[in-house]
Amino acid sequence: MLKSFLEGLDGLTLECEARRGQACSLKDLEALRVEFLGRKGKLAGAMVALAQMGPEDKPAAGKKANEVKTALTALLESRQAELEAESAQGALAGFDPSLPGRRPAPGSLHPVTLAMQEICEVLTGLGFEVVAGPEVENDWNNFEALNMPPDHPARDMQDTLYVSENIVLRTHTSPLQVRTMMSRKPPVAVIAPGKVYRRDSDITHTPMFHQIEALLVDTNVSMADLRGTLTAFVRQLFSPDTKVRFRPSFFPFTEPSAELDISCVLCGGEGHVAGAPCRVCKRTGWVEIGGCGMVDPNVFRQVGYDPETVTGFAFGLGVERVAMLKYGIGDLRMFFENDVRFLEQFS
Ligand code: PHE
């Protein structure tokens, strides 16, 4: 009886050895463990015979049973380790640790932001202080105080985006002239960069664009100061030989008023490049970058400044226009399309 018991146990070990390799998943392996080592498994079955043995056979049979249990456990555990290693490798299949990682795409400043920063840098260098105001503005700051009475054509629904009867999206940065003078005593020297809105949309106009306003008020400020300031400004912003030209114009809040032109940055004012007509200035030699003038006495009266004692100048620059000239961008729409291939060039 002992002999067949011992042979039976050896048989269990051999069978387990043969079948462990067929367990291809941890689930298969667990089933195998239950089959051999479970409470109702093959080893437990063999132990029934052990209980019936006489005292002379029991020690040897018990010893063998323990050995087999240890052997079976070791066989199954080593198979488990193999399966785990295989599945870890499966997860890494196709992964090449020597490949370089994916770099995060670096962001860059928008060309309009860059132009704003450069303009502000030059003007603060000349002594102007940066101020800011709301894009949703009241009628008085945007129009009335700027010498635009209710029936003025510039207030026409055509151009202005109304929020309500007396609230507009500011159509220019000039309300910052009003806000500054209402809250400070002269002298003032401020610039106001920001977004402005107009009901206008075609290839050269967008409903939102950017301006930078400048205002200087003091005693004895003259048009020569305006021209000198603008000349120093454009020479620093573009190149030392850039020229300024004033073209007579009209703004309700300045008198006299002028359109502000600079000599063309592409052809240098020649009107042609290598014999061909300049595409930037359309052979005129000049390009417009904004409007300017001497602060109208009516504006001073509205904000409580005395036009008999102070004078001042103001100018407003189109930032997209400046950015196009500075960076050689031919189409206004580029600024608003968010094409990364375009934006990336400014990093
Ligand atoms: N606010 C004017 C515009 O938007 C520009 C301007 C500013 C003109 C300051 C004169 C003085 O067209």
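## Contacts, rings and ligand site in a predicted model

The side chains of Thr254 and Ser257 make a polar contact at 2.6 Å. The structure is a predicted model. Thr254 belongs to strand E8, which covers residues 254–263. Thr254 has a relative accessible area of 2% and is therefore buried, the limit being under 20%. Leaving aside residues up to four places away in sequence, Thr254 touches Cys292, Gly293, Met294, Val295 and Asp296.

Val178 is placed in helix H7, residues 175–183. Its relative accessible area is 0%, so Val178 is buried. With residues up to four places away in sequence not counted, Val178 touches Trp140, Asn141, Ala145, Leu146 and Val303. Val178 and Pro134 are separated by 44 residues in sequence, and their C-alpha atoms are 12 Å apart in space.

At the level of the whole chain, the domain assignment gives domain 1 as residues 2–91 and domain 2 as residues 111–346. The C-alpha centres of domain 1 and domain 2 are 90 Å apart.

The ligand is surrounded by 14 residues. The closest are His172, Ser174, Arg198, Gln211 and Glu213. Polar distances to the ligand are listed below for His172, Ser174 and Arg198.

| Residue (side-chain N or O atom) | Ligand atom | Distance |
|---|---|---|
| His172 | nitrogen | 3.0 Å |
| Ser174 | nitrogen | 2.9 Å |
| Arg198 | oxygen | 2.8 Å |

Turning to the aromatic rings, a pair is described by the distance of the ring centres and the angle of the planes. With centres required to lie within 6.5 Å, the count comes to eight aromatic pairs. One of them is formed by Phe300 and Tyr305, with 5.9 Å from centre to centre and 20° between the planes. This pair is stacked, because planes under 30 degrees apart count as such. Are Phe300 and Tyr305 buried or exposed? Phe300 has a relative accessibility of 2% and counts as buried. Tyr305, at 6% relative accessibility, also counts as buried.

Tyr327 and Phe346 form another aromatic pair, with ring centres 5.5 Å apart and planes at 70°, so this pair is edge-to-face. Which parts of the chain does the pair of Tyr327 and Phe346 tie together? Tyr327 lies in helix H10 (residues 319–327), whereas Phe346 lies in the segment after helix H12 (340–343), so the pair joins parts that are 19 residues apart in sequence. The relative accessible area of Tyr327 is 23%, so Tyr327 is partly exposed. Phe346, at 16% relative accessibility, counts as buried. Both residues belong to one aromatic cluster, formed by Tyr327, Phe335, Phe336, Phe342 and Phe346.

Two rings have a charged side chain over the face, as given for Phe36 and Phe246. Lys42 lies over the face of Phe36, 5.2 Å from the ring centre. Arg227 lies over the face of Phe246, and its distance from the ring centre is 5.1 Å.

How values were computed:
Residues are numbered from 1 along each chain as its sequence is written. This is a predicted model: local features need pLDDT of at least 70, side-chain atom pairs count only at pLDDT 80 or more; totals for chains, interfaces and linings use all residues. Side-chain values use heavy atoms; hydrogens and water are left out. Rings of Phe, Tyr and Trp (its six-membered ring) pair if their centres lie within 6.5 Å; planes under 30 degrees apart count as stacked, over 60 as edge-to-face and the rest as tilted. Buried means under 20% relative accessible area, exposed over 50%, partly exposed in between (1.4 Å probe, protein chains only). Helices (H or I, at least four residues) and strands (E, at least two) are DSSP runs, numbered from the N terminus. A charge sits over a ring if NZ of Lys or CZ of Arg is within 6 Å of the ring centre and within 35 degrees of the ring normal. Domain bounds come from an automatic or database domain assignment. Contact means heavy atoms within 4.5 Å. A residue is near a molecule or strand if one of its heavy atoms lies within 4 Å of it. A polar contact is a pair of N or O atoms within 3.5 Å; within protein, one must be able to donate a hydrogen and the other to accept it, and residues adjacent in sequence count only if both atoms are side-chain atoms.
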